[in-house]
Amino acid sequence: MRYAYFPGCSNHASSKDYEQSTQAVARVLGVELAELPDWNCCGTTGVTSVSPLLSAVLSARNLAIAEAQGWEEVVVTCNSCFGMLRRAGDYHRQDPAMREKIDAALAGVGKKWQGQTRVRHLLDILVNDVGLETIAGKVKRPLRLKIAPYYGCLLGRPRNEFEDSEYPESMDQLLSAVGAEVVPYDHKAKCCGGALMTTKEEVALRLCYEIIGEAQDRGAQVIAVTCPMCQLNLDGYQNKINARFGTNFKMPVLYFTQLVGLALGLRERQLAIGKGFVPVKQVINF
Amino acid sequence: MSTSTLELLPEEGLEPGFAAQVASYPGGEKIRRCIQCGTCSGSCQMSADMDYTPRRILAMVRAGMKKEVLSSQAIWYCAACYYCTARCPMGIKLTEVMFALKSLALKEGYVSLKQHSPAFYKSFYEVVERYGRMHEASLIIGLALKTNPLDFVGLAPFGLNMFRKGKIEILPHGVKNRQEIKALVQQVQRLEVR
Amino acid sequence: MLEEIRIGVYVCHCGSNIADKVDCPAVAAYASQLPHVVVARDYQYMCSDPGQELIRQDIKELKLNRVVVASCSPRMHEPTFRKVCESAGLNGYLYEMANIREHCSWVTEDPQQATEKAKALVRAAVARVVHHEPLFERWAPVNPNILVVGGGIAGIEAALKVAAAGNKVWLVEKSPSIGGNMARLDKTFPTLDCSACILTPKMVSVAQDENITLLTYAEVEQVEGYVGNFRVTIRKKARSVDLNKCTGCGRCQEKCPVEVPSEFEAGLAMRKAIYTPFPQAVPNKPAIDREHCRHFTRTKGKCRVCFNVCQVGAIDYDQEDELVTYECGAIIVATGYGLFDPSVGPQWGYGRYDDVITAIQFERLVNASGPTKGKVVCKDGRVPERIAILHCIGSRDENYHPYCSRICCMASLKLAHLAREKTGAEVYNFYIDLRAFGKGYEEFYNRILEEGVNFIRGKGAEVTQKDGRLVVRGEDTLLGRYREVPVDLVILNTALEPQPDATKVAQIFGIQRSADGFFLESHPKLEPLKTATDGVFIAGCCQGPKDIPDSVAQGAGAAAEALSLATAGKVKISPVVASIDPDLCSGCRMCLPLCPYGAISFNEEKKVAEVNETLCKGCGTCAASCGSGALNVRHFTRNQILTQIEEVLAV
């Protein structure tokens, strides 16, 4: 299985652990990820809030590069990149005025894009292309952890053919397949606040507090995530949350790739486990 | 609530073309179909913190209350979680409308870059414009310079921690073809003139 | 045809409907120059008496033998002008209509383009009418018997009205009892009548009426024939109970060891595998649900409990499905509605929280014969102190059904009243708009307001749990404030939707469906009960969501439609049918399997296909498939259609 791969800005900086575990797991599962040459930022909420058009154009540039190389599908690991690249495709296919503008901007730099490139999340690849049975068959150490899968916003919203916008379940299935016990909870697709953690910290802290709180109430030992931003907010700010709400959360927040990797027999070092803020030792010590 | 008195809405202060302006933005085409059911507000985890609920923002857009909308705090509370868009019974892409309103507020000078939210988004934009990719250190420096550097002193321990874990890059690793990114930004600015 | 062709052309202004866009005098002047046209006039309203008289006079005085009227859709006034021609002694099929309103003036803003198109349409009609031939309508007898499909309130009303007129009627119902959805309701708005109390007398009347043959646990499988002369095949599903022997004593149901969630109780209670759906069922005799009965699901140790306890020997495990045929002149389809399943929207919590229920479940909960004997309680037995009712769940929502389900507003008010009456709970109605459109409805709304029910104008966006209690999130849009209302019980008032088998039913009866999936009436205002198939009528919620008074009115109305056919005793058969030129027919038989009405047969002796004109509906499928050009539909011959197309495209 070969795919074009769009790592996104975070995987080269704040979420190197996601990148490392992604590559490690992909290798074990025979998934080849070919990084797009000279890719650029998807635009995310930052650029979109200043120019809704520019982020569509920036996203389209990445997909145009993929198309020029003959790729029909591009794999991403970050929910925000996933949402933004898909947004460019949706506009290109459904909104003639936007298509015209995107095409014109790309033409200005000698690029062309048909708009048909499929954008897929790595979770989708693991669940639907590699398949749960295959992965279950390669498990060396069943996880035996109680995990709260946290999906966040953009994996299923606004809407796509992969996940449900309200009650996603693909990560539940994947983690169950590698031996974990997943806990059902209402906040699994709620918002962690995203960039509001920088601009409206009070609000974002509350949202994260509610997510971790419910996961803990349901007995989860770990929260599993599919997005660098969710990881940073839930993990990096847990001390602040505890200070603000008088709680004593010590909830490790790991990427789903790290957890799947553990089950596949990879070592903590290979998966960059321990790069988070909340210690994982009391939960994970193989 | 920011409207402290219930006076007659001054008709001369309204901009009848505002709705059309917002509708011309990406995803804005359906705002005239809103039935004011409040599904957006009820689905928004930030509603309680806003000065106007999302539904009310849309009503104000349609009424032409440009100044009030673009000066409101509400639009900066949108985290772009897309719940409103996913659930809207009329197919209105309210998240996209919120992007349009933030963009307009910045472009037409309704907000001060001294405020954290506008300054953050603007700084983010500038980093991407310059390097083609995000670079957190540049972003924080840009944000601090726009607003009040002292506000960010508290971030230092967090930043240091991130650095120790190898999660912050000192130097930006941007795209190689920065000319192309610059050209794209210029193309977009040309296309955005309306 | 050596006779000289003499055409009169009449261009209608339709007040301003056509004349606002089309220059009618110019079109008439243009028409007067066309070949064979003897006279061309324009007039304010061609359909008015003076307009009709114009044509009549010209036919007589100018010896016209062809007429073209350029006006509205043939669906409106084709019969009018056909009769005008006939009253002046001209065969009605020597006339052609050009639609310059729906196809022209109404669909453009540009007067010049409209006028040009009108000229083209008139030119084509003039060229076509030259090739018209006189045709003659025939009459067929009408079978006075009538079939009603669906035993809900609309079907019951229709059957009773037909029977009262003295006609025989078969009432077919797919479940073991008639009564439909109305039987499940507790009270009815706005009068708060007990639903069963007003429905059961009608159900009993059905059972007692000598003119009505009731077939429950039965479904229509095939409809053949045509208006006035239908032949219907009905499958009587094996009930496994001999209705002639069964006394309805109920012992079998008591002793049956298999429990199944009750459809009637909306899953809130269990029924047995042998069951009568509810106490007042008609017929009050059980059926065995073979999908669950252990006599049928087991290969070894087959259960025979009901057989053993039945003292009259009514249990018959060997009974088989039976196909019966019924000949009738008209059919009334009243197959009702289905209910939206709110679990497809996880945000409302249905299926995830025990105390989130649907409106129909609450109807059963509050009903004295329901699973709790009328006690309104939460799943754990607590009496709810705070109840939320969410309107428009699945209705007025592009993600599910864009249409308004009409009855939920008033039903929600009724449920609020019942909830307060039974529990004294604080009740919160989350609504978008309150539509109290019917007689006495606004007054009912006022009454509920006075009773102290809380109204929050905002759709319930989400149901979640906070500190162990259900919370409804939404915006109080009149206050402009976001609210999280803690409650003990949430009632979702779900959309009415087409029956799950609507596609199949529509196919069997030749009914079209509108975009929302409900059955389509012939005309939204003037023919609400007719369908595209002559002699097949619709009534009640299968046509679209409606309340009980409207369903009853439609049931009675459909009965009147069917009876007017039956009483006339004969029906006009259109001469627009297929015909085969035996000299051209190659005998390839391509057309035989294509005919949806089985109207074509093969004459083995002459080796050609032949059309049964009584069965043919003139759809044209055969003509389009005929390779040798032998098949033509009268009045729509190849020659006529091609001439028309050539002329409309000529510049």
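This is a predicted model: local features need pLDDT of at least 70, side-chain atom pairs count only at pLDDT 80 or more; totals for chains, interfaces and linings use all residues.
1. In one of them, the side chains of Arg2(A) and Glu32(A) meet at 3.0 Å, N to O. Arg2(A) belongs to strand S1 (residues 2-6) of chain A and Glu32(A) to strand S2 (residues 32-35) of chain A, so this pair ties together parts that are 30 residues apart in sequence. Arg2(A) counts as exposed because its relative accessibility is 51%, while Glu32(A), at 43%, counts as partly exposed.

2. Please have a look at the contact between Lys190(A) and Glu462(C), a salt bridge whose closest N and O atoms are 2.5 Å apart. Lys190(A) sits in the loop between strand S6 (181-182) and helix H9 (196-199) of chain A, and Glu462(C) in strand S24 (residues 462-466) of chain C, so the pair joins two chains. Lys190(A) is buried, at 4% relative accessibility, and Glu462(C) is buried at 4% as well.

3. Within chain C, Asp186(C) and Lys187(C) form a salt bridge through their side chains (3.5 Å, N to O). Asp186(C) is buried, with 6% relative accessibility, whereas Lys187(C) is partly exposed at 24%.

4. Chain A also holds a network of salt bridges, which links Glu73(A), Arg86(A), Arg118(A), Arg120(A), Asp124(A), Asp129(A) and Glu161(A).

5. On to the cavities: the whole structure contains 12 of 30 Å³ or more. By type, the lining of the largest cavity has 14 nonpolar residues, seven polar and one charged.

6. The second largest cavity has a volume of about 120 Å³. Of its 16 lining residues, Cys44(B), Pro54(B), Cys78(B), Cys81(B) and Cys84(B) are the closest to the centre. H6(B) supplies the largest share of this lining, three residues. The lining of the second largest cavity has 14 nonpolar residues, two polar and no charged.

7. Finally, the surface of chain C carries a nonpolar patch formed by Phe636(C), Ile641(C), Leu642(C), Ile645(C), Val648(C) and Leu649(C), with about 520 Å² of accessible area together. Val648(C) lies in helix H17 (residues 638-649) of chain C and counts as partly exposed, at 32% relative accessibility.

Note on methods: Residues are numbered from 1 along each chain as its sequence is written. Chains are lettered from A and ligands numbered from 1 in the order in which they are written. Side-chain values use heavy atoms; hydrogens and water are left out. Patches are made of residues with over 30% relative accessible area and no salt bridge: like charges are joined within 9 Å, nonpolar side chains (Val, Leu, Ile, Met, Phe, Trp, Tyr) within 5 Å. Accessible areas come from the Shrake-Rupley method with a 1.4 Å probe; for residues, only the protein chains shown count as cover. A salt bridge is a side-chain nitrogen of Lys or Arg within 4 Å of a carboxyl oxygen of Asp or Glu. Helices (H or I, at least four residues) and strands (E, at least two) are DSSP runs, numbered from the N terminus. Buried means under 20% relative accessible area, exposed over 50%, partly exposed in between (1.4 Å probe, protein chains only). On a 1 Å grid over the protein atoms alone, a cavity is a set of points where a 1.4 Å probe fits but cannot get out, and a pocket is an open set with protein on both sides within 12 Å along at least five of seven lines; lining residues have an atom within 4 Å of a point. Grid points are joined across faces, edges and corners, and a volume is the space filled by probe spheres set on the points. Ala, Val, Leu, Ile, Met, Phe, Trp, Tyr, Cys and Pro count as nonpolar, Asp, Glu, Lys and Arg as charged, and the others, Gly among them, as polar.
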